[in-house]
Amino acid sequence: MKFDYQSFPTKVSFGSPLLEALEKYTPQGRKSRVFLIAGKRQQGLAAWVQAHPDLELVYHFDQIAQHVPKTLVTEALALVDFATTDLLLAVGGGSAIGLAKALALETKKLIWAAPTTYSGSEMTNIYGISTEGKKTVGRDEVVLPQLIIYDPALTQSLPATIALTSATNALAHLVEGLYAQPNNPLSYQQALMGMQHIQLGYRSFAKGETQEANEQWLMGAYLGGKTLCELPMALHHKAAHVLGGNFGLDHARTHTALLPYILDYQWDYLPELVRQDFNAVWPETRAAQGLWQQLQSLGLALSLQSLGLTAEALPEAAAQISALAFVNPAPTDHKAIYQLLTRAYEGYLS
């Protein structure tokens with residue numbers, strides 16, 4: 001019961017429609033100049049912002065790319081005078097919100113975010129920018145959104161496979177929240193609660209209850225992002241960022257494909273109480289086996305080979321991951337990581 005805990009000053013609106021929440025929190029009586037970061041399908045939102053008496057649309061930037069290429073950040077910075085811009089409004093997945101963070105890092109402008117996936121990026125002070133095939137990840141309080149709007153309508157229309165992999169991305173944050181070090185009882189319990197919401201979502205989805213699944217996953221994503229912000233992530237998160245940012249793999253699909261193998265890899269090094277909490281979710285001798293079976297039953301790809309990674313890339317990927325500095329329950333030497341990636345590449349548990 002001896003711990004340190006950092007609380008972050010983010011306001012969350014959960015369950016309200018996007019426009020209703022924006023209306024509620026928009027300062028009245030003065031014009032706020034808004035730089036909108038959202039895909040082309042958000043033209044209606046752009047028009048709403050432009051027509052609002054207390055808002056002015058400075059620019060609608062609709063070019064979104066995974067892993068936030070530095071060239072895209074530079075292009076966005078050159079478009080407007082950010083000195084006279086008040087707010088970065090990001091509506092989208094981790095890529096759109098990630099671009100807003102990269103701009104905030106340079107301009108120190110406030111971010112309002114409305115996620116359209118379950119990535120959890122909106123709840124964190126973590127940013128990532130890719131330059132010539134290498135992704136740099138860091139933390140800075142200036143990139144933490146001030147307001148986050150969780151509108152279930154924004155995620156309800158996700159295609160099934162994207163929704164499942166995005167929800168499993170959120171699950172990965174929660175799984176690592178149980179063995180991250182240093183830890184604290186508050187973040188640990190919210191990680192457990194988040195895992196329960198993701199599980200309820202999986203079960204609802206399997207029964208065809210997509211609206212219920214969406215709401216459960218959205219709550220799990222919120223708690224997963226909060227956990228990701230409050231705790232240092234371990235091997236799973238580091239490996240996913242290397243494989244995504246440096247080898248071009250899809251972010252959410254990579255999280256999904258890696259998760260059971262890395263949980264299995266950590267298993268023998270986890271405290272018994274942590275293993276008991278995992279077994280309460282997946283009641284197998286090794287919880288990773290239950291997780292692997294569950295994800296496979298949902299039709300998800302569970303091999304890095306199926307994501308497009310080549311066997312020739314495995315040694316270099318292992319070298320890059322093992323070279324990183326982070327705390328992890330299991331060893332992270334090159335040989336061990338290479339063997340882990342080989343299992344994940346071929347799609348079998350040890």
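Strand β6 (126-131) is joined to strand β7 (residues 134-139) by 6 bridges, and the two strands run antiparallel; helices (H or I, at least four residues) and strands (E, at least two) are DSSP runs, numbered from the N terminus. Within this pairing, I126 has R139 of β7 as its bridge partner. The hairpin has 2 residues between its strands, and E132 takes a positive phi near 50° there. Strand β6 is mostly covered, with 5 of its 6 residues buried, where buried means under 20% relative accessible area, exposed over 50%, and partly exposed in between (1.4 Å probe, protein chains only).

The model is predicted, and local features need pLDDT of at least 70, side-chain atom pairs count only at pLDDT 80 or more, while totals for chains, interfaces and linings use all residues. Residues are numbered from 1 along each chain as its sequence is written, and side-chain values use heavy atoms, with hydrogens and water left out.

Axes are lines fitted to C-alpha atoms, for helices over the stretch in contact, and angles run from 0 to 180 degrees between N-to-C directions; contact means heavy atoms within 4.5 Å.

## Nonpolar cores

The largest nonpolar core has 72 residues, and those with the most contacts inside it are F278, W282, L304 and L341. Helix α6 (residues 160-179) contributes the largest share of this core, 10 residues. A second, separate core of 25 residues includes V68, I97, I111 and A113. Such a core is a set of buried Ala, Val, Leu, Ile, Met, Phe, Trp, Tyr and Cys residues joined through side-chain atoms within 4.5 Å.

Residues up to four places away in sequence aside, L304 touches L243, L249, A257, L258, L309, L341, A344 and Y345. L258, which is placed in helix α10, counts as buried at 1% relative accessibility. With neighbours within four places again left aside, L258 is in contact with H236, A239, A240, L243, L304, L341 and A344. L258 and I64 are 194 residues apart in sequence and 25 Å apart in space, C-alpha to C-alpha.

## Packing of α6 on α10

Helix α6 and helix α10 (residues 251-266) pack at an angle of about 35°, with their axes 8 Å apart. The crossing of α6 past α10 is left-handed, a term used if the near helix is turned anticlockwise from the far one by less than a right angle, right-handed being the clockwise case.

On the α6 side the contact includes T165, S166, T168 and N169, and on the α10 side it includes H251, A252, R253 and H255. The residues of this contact divide into 8 nonpolar, 9 polar and 2 charged; here Ala, Val, Leu, Ile, Met, Phe, Trp, Tyr, Cys and Pro count as nonpolar, Asp, Glu, Lys and Arg as charged, and the others, Gly among them, as polar.

## Loop residues and backbone details

The loop between β3 and α3 (70-77) holds H67, and V68 is placed in that loop between β3 and α3 as well. Although H67 is not a glycine, its phi is positive at about 65°, and V68, also not a glycine, has a positive phi of about 50°. H67 is buried, with a relative accessible area of 12%, and V68 is buried at 5%.

S121 lies in the loop between β5 and β6, where it is buried with a relative accessible area of 14%. Not counting residues up to four places away in sequence, S121 touches G94, I97 and K101. In the loop between α6 and α7 (185-206) is P182, and the peptide bond from Q181 to P182 is cis, with omega near 0°.

Notes. Two strands pair if DSSP finds at least two bridges between them.
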